[in-house]
Structures are given as C-alpha cells and as structure tokens.
Amino acid sequence: MRKKLGQGTLTGGLRHLQSYTDNRYEGKDAMDVILKQAESYAYAEYKGKIQNWGYMANLSLNRFYYSQRDNRSERYGLQPSLLVSYNPVDNLHFRYHINLKNNAPSIAYLNDVEQRIDILQTRRGNPNLKSFRSTIQDFNAVFNTGICSIDALVSYAYEKNPIMESVIYEEGMFIRTYENQKSFQHLTAEVTFKIKPWKDHISLSITPGINRYISTGNNYLHTYTLKELRINLDASYKNWLLNFMTITPPNRYVYGEQLLKGDLMHTLMIGYKQPAWSIMAGIHNPFMKTYRSENENWSALNPVKSDIHSTNMSNTIVVKLNFNLNFGRQYKGANKRIQNMDTDSGILQGTKE
C-alpha cells in the first residue's frame, strides 16, 4: 500500500512467516523434535520532507508464536523507528536514525534437547527463553567536496536481557546452555576519508575505526576494545573495473562470553561491464597461504580456545555475474521494508562456540 498524505507519503504492508521444523538428533539418546513457529508483521511508514529537513517514521506490530510439544508461547511487540536528516548546505549532510526492535529467540536455542560436545561438555537448549528488546542508534555527518569527502559515523546498540551463552556444572559435566542475560552494548566510532583524483574513474577510501563491546551476564562481565582499519580501492576505465579491499587487524566480534576472531581479509577483483550485464573475477586472500580463525570462550568454569587453520579460504577464485532483466511494462512500486526470509534451521549445534 502506498498513498500520498499531506507533505509526505504513507506506506503500509503485511508479512507472515510460518515454519514447521522436524529435527532428529542422533547420539546416545536419539530424540525427534517438532517445532512450530509463526511470525506476523503489520507495518506503516510515513516519509516526508520540509525544506532542508527529511524524516521517515516507521511503526510495526509483530506477533511471535512458538510451540514445542506441550510448551507454547505467544508474544506481541511494537517496533518503532525514526530517521531524521538535515542538509544545511549542498555539501554537508547530517543523519540520525533510531530503531527499537523486538528479538525472538532462535528456534535452535528453544529445543529442549542435549547434544554431547565431548566427554566433558554438553550443549543444552532452553525452552524458557524470552524475547528481548534492543535499541540501535547511529549518527552520520558527511562533508563532500566532489574530489574529497569525509563521513563520520557514531553508532550505539543496546540489548536488554539478550540471549547469550551460560556454562553450568552438573554431575561431572559442563553444560553449555542459553539464558536471558542482563545486557549487551556495542559502541562504534569511525571516519571514512575518500578521495576521487580522476573523476569517478578512481576512488580510494580509508576508514579507521574503534569498537567497544560490553557483555553483562547474570554471573559475568566481559569488555573488549577493537581498533581496525579498512581500505577500499575502486577503479574503472571505459568498460573495465578493478577493486581491492582489505581489513586489518582480523575481523573480531564479541557476544556474551564469546570472542570470534578471523584472519586478515583482502580481495582483488577485475571485471567488465555492459549496460545490461557485468562480470567480475578475482581472488580472496591472494597474499596468504593459510587462513586462521580463532574462537575464545571466557567462561570462568570452563574457558575454551580453538584455533582453526584452512588452506581452502586462501587464494580462492571468485566470479560474480550480474544481469539486468527489464522488459515489458514497468510499474513503480514501494520498496519492501521487511525481508521475508527464513534462515533459521532450528538445529541445536553440538559444537564448541
């Protein structure tokens, strides 16, 4: 639905996702788990502009239903968001965005099953998990002169009672399960410096940034600070394209008691474009022989550190092919605001995290 209203435009829509999952867990005790889940959304969005100010307000009502054997749950929540932009002059732009979300538990975590990791560790689901709220805010300031531009970003995410891992000790076994913890915070600050020395033929951007993670559990507190640098080079001449991208130090992310670390990532690609299609081919990690990924668990009861080595992710050939298929009568439609995809397998993984 799309309708002109006053000085802005009102858009609305519906979304429903229904899933039925039948997972069979093999092992010492085989178990057949049937999960039923439904998610429904109704949303309305109003977008408008007054002089140098732009705004977009969105409100959605969502319903989450879950059933597993005799355990059933039905929850409702509101998810508002607001975006405000301001252009005092042509080459200066400010933007503020806030989004309040209602996060439903993964059906994989809701399974009331146990999966053995090794002789000392077991992973257990938790059917009593509850949905939680999160608030995401970001502020952008962009200054663009054509040849040079500066884009400053500050972002803050806060989750109240998020679902994060807990470790307990029962009868000589470490049980890794999931609980609603106290809070999780992620603060990001970065600045992108971009230069275009030859019109749109060459574009070089350098982005230094800092990330601060704070995980507050029911029985733990973990903090972590990450400094990073991203470099991206795009070049084009006539129909030819070239791209180089690198991130250093290795990608890292903290959530709960987990620290996930990847190796230095870089990509080199070359391509050829036409109005209706384009093709690019390149190599991931062309300058390394072995890819490494390290995971750490900071649990006081059972800390775990894993180091994964792989030669399959080094010197990997990548090919991207894009087609633009536009034919017949064209209609103007509203953009889809909610992704209608189900990527949750609902399988509790009996692995270390």
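Two strands count as paired if DSSP finds at least two bridges between them; strands themselves are DSSP runs (E, at least two residues), and helices are runs of H or I with at least four residues, both numbered from the N terminus. With that in hand, here is a predicted model in which local features need pLDDT of at least 70 and side-chain atom pairs count only at pLDDT 80 or more, while totals for chains, interfaces and linings use all residues. Residues are numbered from 1 along each chain as its sequence is written, and side-chain values use heavy atoms, with hydrogens and water left out.

β7 and β8 (residues 121-124) run antiparallel and are joined by 3 bridges, and glutamate 114 has arginine 124 in β8 as its bridge partner.

## Glutamine 79

Glutamine 79 is found in β5 (residues 71-89) and is buried, with a relative accessible area of 13% (buried means under 20%, exposed over 50%, partly exposed in between, with a 1.4 Å probe and protein chains only).

A polar atom of the glutamine 79 side chain lies 2.9 Å from the backbone nitrogen of asparagine 102. Beyond neighbours within four places in sequence, the contacts of glutamine 79 (heavy atoms within 4.5 Å) include Tyr41, Asn58, Leu100 and Asn102.

## Cores and rings

A nonpolar core is a set of buried Ala, Val, Leu, Ile, Met, Phe, Trp, Tyr and Cys residues joined through side-chain atoms within 4.5 Å. The largest one has 9 residues, among them Leu35, Phe64, Ile107 and Tyr178. β4 (53-68) and α1 (107-110) each supply at least two of its residues. A second, separate core of 8 residues includes Phe184, Tyr220, Tyr224 and Leu259.

The structure also holds 13 aromatic pairs, where rings of Phe, Tyr and Trp (its six-membered ring) pair if their centres lie within 6.5 Å; planes under 30 degrees apart count as stacked, over 60 as edge-to-face and the rest as tilted. Phe184, Tyr213, Tyr253 and Tyr255 are linked into a cluster by ring pairs.

Conventions
A polar contact is a pair of N or O atoms within 3.5 Å; within protein, one must be able to donate a hydrogen and the other to accept it, and residues adjacent in sequence count only if both atoms are side-chain atoms.
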